[in-house]
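Subject: Structure handover

Hello,

Here is the structure I promised to pass on. Please load it before reading my notes.

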Amino acid sequence: LQEAAKLAQKYNYQLGIARSQVVSSYHHYRQGRLGIALNEASKALPALEEHQDTWLPRIYNNLSMIQIDMGNATIAFDYLQQQLVISQKQGDEDMEATAYHDLGWLLRQNDRQIPEAISYFERALKMFSKGRHPGGAEITLINLAESYLKLNDYQKARLYAYKAIDAA
């Protein structure tokens, strides 16, 4: 990553710089360094938006995850909506499915929004089931099982849990 970032800087390749910042932001996020992750993502965003780059849905997703961990669910929801719109516009089904999944996950945190969350999970599952995103279907099936468990619908929870096991 550092080598790619240096080359992008050397040739003033703005999209290369921004894409390096996306990856850097993601890795800092995974390490729990939210401030650094947010800073890297914020630096990458303008160039990606200016060019409507294919990495734009990824940075929106990363920004949403950072905001969730920072306790800013409303901001996270807005980023996920942007990810969904841009993914659809670009025809990026993997990132569209990820947006549906993550919207479902975020909404499921509020018991009153579980039915809406299930709707998002079902959309994600339909797209993930095409097999292009390793693990996406399994994770979505698990989240469907957990959602139905929260609704005390044990039959559907068990059904989706077993489907997750079979898929894995």
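The model is predicted: local features need pLDDT of at least 70, side-chain atom pairs count only at pLDDT 80 or more, and totals for chains, interfaces and linings use all residues. Residues are numbered from 1 along each chain as its sequence is written, and side-chain values use heavy atoms, with hydrogens and water left out.

**Helix packing**

Two packed helices are described by the angle between their axes and the distance between the axes. Axes here are lines fitted to C-alpha atoms, for helices over the stretch in contact, and angles run from 0 to 180 degrees between N-to-C directions. Helices (H or I, at least four residues) and strands (E, at least two) are DSSP runs, numbered from the N terminus.

Start with helix α3 (residues 34–51) and helix α4 (residues 56–69). Their axes come within 10 Å and cross at roughly 150°. α3 and α4 are therefore roughly antiparallel. On that scale, angles under 35 degrees count as roughly parallel, over 145 as roughly antiparallel, 65 to 115 as roughly perpendicular and the rest as oblique. The crossing of α3 and α4 is left-handed. Left-handed means that the near helix is turned anticlockwise from the far one by less than a right angle; clockwise would be right-handed. On the α3 side, the contact (heavy atoms within 4.5 Å) is made by L34, A37, L38, A41, A44, L45, L48 and E49. α4 contributes L56, I59, Y60, L63, I66, Q67 and D69. By class, this contact of α3 with α4 has twelve nonpolar, one polar and two charged residues. Ala, Val, Leu, Ile, Met, Phe, Trp, Tyr, Cys and Pro count as nonpolar, Asp, Glu, Lys and Arg as charged, and the others, Gly among them, as polar.

α4 also packs with α6. Their axes are 10 Å apart, at an angle of about 15°. α4 and α6 are therefore roughly parallel. α4 passes α6 in a left-handed crossing. The contact uses P57, R58, N61, M65 and I68 of α4, and M95, T98, D102, W105 and L106 of α6. Those residues divide into six nonpolar, two polar and two charged.

Next, helix α6 (residues 93–108) and helix α7 (residues 114–128). Their axes come within 8 Å and cross at roughly 160°. That makes α6 roughly antiparallel to α7. This crossing is left-handed too. Residues in the contact include Y100, H101 and W105 of α6, and Y120, F121 and F128 of α7. By class, the contact of α6 with α7 has twelve nonpolar, three polar and six charged residues.

**Aromatic pairs**

How many aromatic pairs does a search of the whole structure find? Three. Rings of Phe, Tyr and Trp (its six-membered ring) pair if their centres lie within 6.5 Å; planes under 30 degrees apart count as stacked, over 60 as edge-to-face and the rest as tilted.

One is Y60 with Y79. The ring centres are 6.2 Å apart and the planes are at 25°, so the pair is stacked. Y60 lies in α4 and Y79 in helix α5 (residues 73–90), so the pair ties together parts 19 residues apart in sequence. Both Y60 and Y79 are buried. Buried means under 20% relative accessible area, exposed over 50%, partly exposed in between (1.4 Å probe, protein chains only).

Another is Y148 with Y160. These ring centres are 5.6 Å apart and the planes are at 0°, so this pair is stacked. Y148 sits in helix α8 (residues 136–150) and Y160 in helix α9 (residues 154–167), twelve residues apart. Y148 counts as buried at 9% relative accessibility. Y160 counts as buried at 13%.

**Single residues**

S64 is in α4. At 0% relative accessibility, S64 counts as buried. Leaving aside neighbours within four places in sequence, S64 is in contact with A76, Y79 and L80.

D78 is in α5. D78 is partly exposed, with a relative accessible area of 42%. D78 and Y60 are 18 residues apart in sequence and 9.0 Å apart in space, C-alpha to C-alpha.

Q52 is in the loop between α3 and α4. Q52 is not a glycine, yet has a positive phi of about 45°. At 36% relative accessibility, Q52 counts as partly exposed. N152 lies in the loop between α8 and α9. N152 is not a glycine either, and has a positive phi of about 60°.

Best regards
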